[in-house]
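Subject: Structure handover

Hello,

My notes come after it.

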Amino acid sequence: MRERAAQEVNPKMGRMGAEDPPRIFSAEPVGDIDTDEFRAAAHRAVDWIGDYLETIRERPVLSRVKPGEVRASLPVVPPAQGERLEAIFDDFEQLVLPGITHWNHPRFFAYFGITGSTPGILAELLCAALNVNGMLWRTSPAATEVEEVACDWLRQALGLAEGFSGVINDTASSSTLYALAAAREAVPEAELRRRGMSGVRLRMYTSEEAHSSVEKAGIVLGVGQENVVKVKTDAEFRMDVAELTRAIVSDREAGFIPFAVVATVGTTSVTAVDPVNAIADVCARENVWLHVDAAYGGAAAVLDSHRWVLAGCDRADSIVVNPHKWLFTPIDCSVLYCAREDLLKQAFSITPAYLTSNEGPAVRNLMDYGSSLGRRFRGLKLWFVLRAFGVEGARARIAAHIEMAHQLRSWIEADPSFELLAPSHFSTVVFAHRGGDAVNESIHDSVNASGEALISHTDVRGRYALRIAIGNLRTTLEDVRATWQLIQNVAPASSPT
Ligand SMILES: Cc1ncc(COP(=O)(O)O)c(C=O)c1O
């Protein structure tokens, strides 16, 4: 192969000179797929998306494929020759779609119900076309500056103080990891960046209800699971501040360095709100970094009625809010607000010669605020979403979700076979049938197998609980009512034990 190619004559360059290295391939550009073919397929895709969103109710929410089924329907080996976009699109519809659980379905009530809204979808398309890597300001000034503007608009919409600067990461897990890396930099005597964790006994604190990403960050940062202290919660699942204080004081006496507390506004399981103000008092007294995980609950602060959920957050060192959860932005989009951005930068900035640039302090190079160099232009979709809905539009939609959850609570309260297991400050309701864990598990499985709706479950103080989270823009009160009726229908008729 190599010999034959070496003897070929390139019509543009003539026969190669004796001193030229042997040619292996033709240098003729082969190029991208033809733009006309792209246009046809893209028009079809946009129409398909419109139809998909309009008729999504007709699809089962939870995919019905068996493990390995999608894989088995696809060739084991890659195509030797390129295929037409049309044909690939056909297979997307016939082979891939059956294996999709429809997160954009109005009866998707599991985990946290979310929406990839149409302005967000449009921005994702444009983002892919631009294919920008926003690692440095100069690698696309607009990628940095639109992100800065969108994060600041969101900050204002949430009523957060001006001192917070935002940066977009893929997920809250990354945002929390980076915030805690910055928190370590606030322990100067440890010189962590240079010396690593050797000989340093750091401890961080969060509640027993905190998201697993907090513990994971502790593992990744080398703090170690044992040093992620899970503080007990009160009757409303909020961090017990007296217990937090005791833990920090006794750990300090034992030679540990307490370096961070992670409070949560809207815990994953029951959406509890930790007392951030009281926790901020402890952090100020103990000189410990305060990070607030408001990945889900933060969005509610757009409403005047719910501003209180972020009370005390202005005293935090960092806060994460996920527009991809309850702010209608397609996955992935997590905003990390940091009041001490210098420390975030200190944790991550490293500039080899090939990445130096001469704009100086007039610009932010976003590669400096996290572990990855390359970064997508995620600010574009947040900017599209905030513009398309406006702050008032976001308020109206979030208020409607909270109201639907309120209605659902009243129906649950009116049914003696069921009970509420936690307060609901947001749009998530956690409850159980009084018949016990096996009954609740069977309700959960039957609802989801029906394809009519998707709910999730959790553990509430050792009990199997059902969980409905409303967060889709197409969800109506009728969807919530129908799902509640379905739950009642599949529940055993027998009297509660
Ligand atoms: C409170 C909270 N924090 C963090 C996360 C992690 O979010 P992500 O998937 O963006 O990492 C979740 C996920 O549901 C969450 O509920």
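The notes below go from the whole chain to a sheet, a glycine and a cavity.

This is a predicted model, with local features needing pLDDT of at least 70, side-chain atom pairs counted only at pLDDT 80 or more, and totals for chains, interfaces and linings using all residues. Residues are numbered from 1 along each chain as its sequence is written, and side-chain values use heavy atoms, with hydrogens and water left out.

**Whole chain.** The chain has 16 helices and eleven strands. These are DSSP runs numbered from the N terminus: helices are H or I with at least four residues, strands are E with at least two. The C-alpha trace spans about 90 × 60 × 40 Å along its principal axes. Of the 497 residues, 48% count as buried (under 20% relative accessible area, 1.4 Å probe, protein chains only). Take the contacts (heavy atoms within 4.5 Å) between residues at least 6 apart in sequence: 74% of them join residues at least 24 apart.

Four strands form an open sheet in the order 8-9-11-10, with antiparallel pairing (two strands pair if DSSP finds at least two bridges between them). Strand 8 (418-420) and strand 10 (456-460) are the edges, each pairing on one side only. The twist averages 40° from one strand to the next. Angles run from 0 to 180 degrees between N-to-C directions, and axes are lines fitted to C-alpha atoms, for helices over the stretch in contact. Strand 10 pairs with strand 11 (463-469) over five bridges. One of the residues involved is Ser-456, whose bridge partner in strand 11 is Arg-467. Helix 15 (437-450) packs on the sheet and touches strands 8, 9, 10 and 11. Its direction makes about 30° with that of strand 11. Helix 16 (477-490) lies across strands 8, 9 and 11, at about 130° to strand 8.

**Gly-298.** This residue lies in the loop between strand 5 (289-293) and strand 6 (318-321). Gly-298 counts as buried because its relative accessible area is 0%. Beyond its neighbours within four places in sequence, Gly-298 contacts Leu-158, Val-265, Leu-310 and Val-321.

**Cavity.** There is one cavity of 30 Å³ or more. A cavity here is a set of points on a 1 Å grid over the protein atoms alone, where a 1.4 Å probe fits but cannot get out; lining residues have an atom within 4 Å of a point. Grid points are joined across faces, edges and corners, and the volume is the space filled by probe spheres set on the points. The largest cavity holds about 30 Å³. Its lining includes Glu-236, Arg-238 and His-425.

Regards

Definitions and conventions:
On a 1 Å grid over the protein atoms alone, a cavity is a set of points where a 1.4 Å probe fits but cannot get out, and a pocket is an open set with protein on both sides within 12 Å along at least five of seven lines; lining residues have an atom within 4 Å of a point. Buried means under 20% relative accessible area, exposed over 50%, partly exposed in between (1.4 Å probe, protein chains only).
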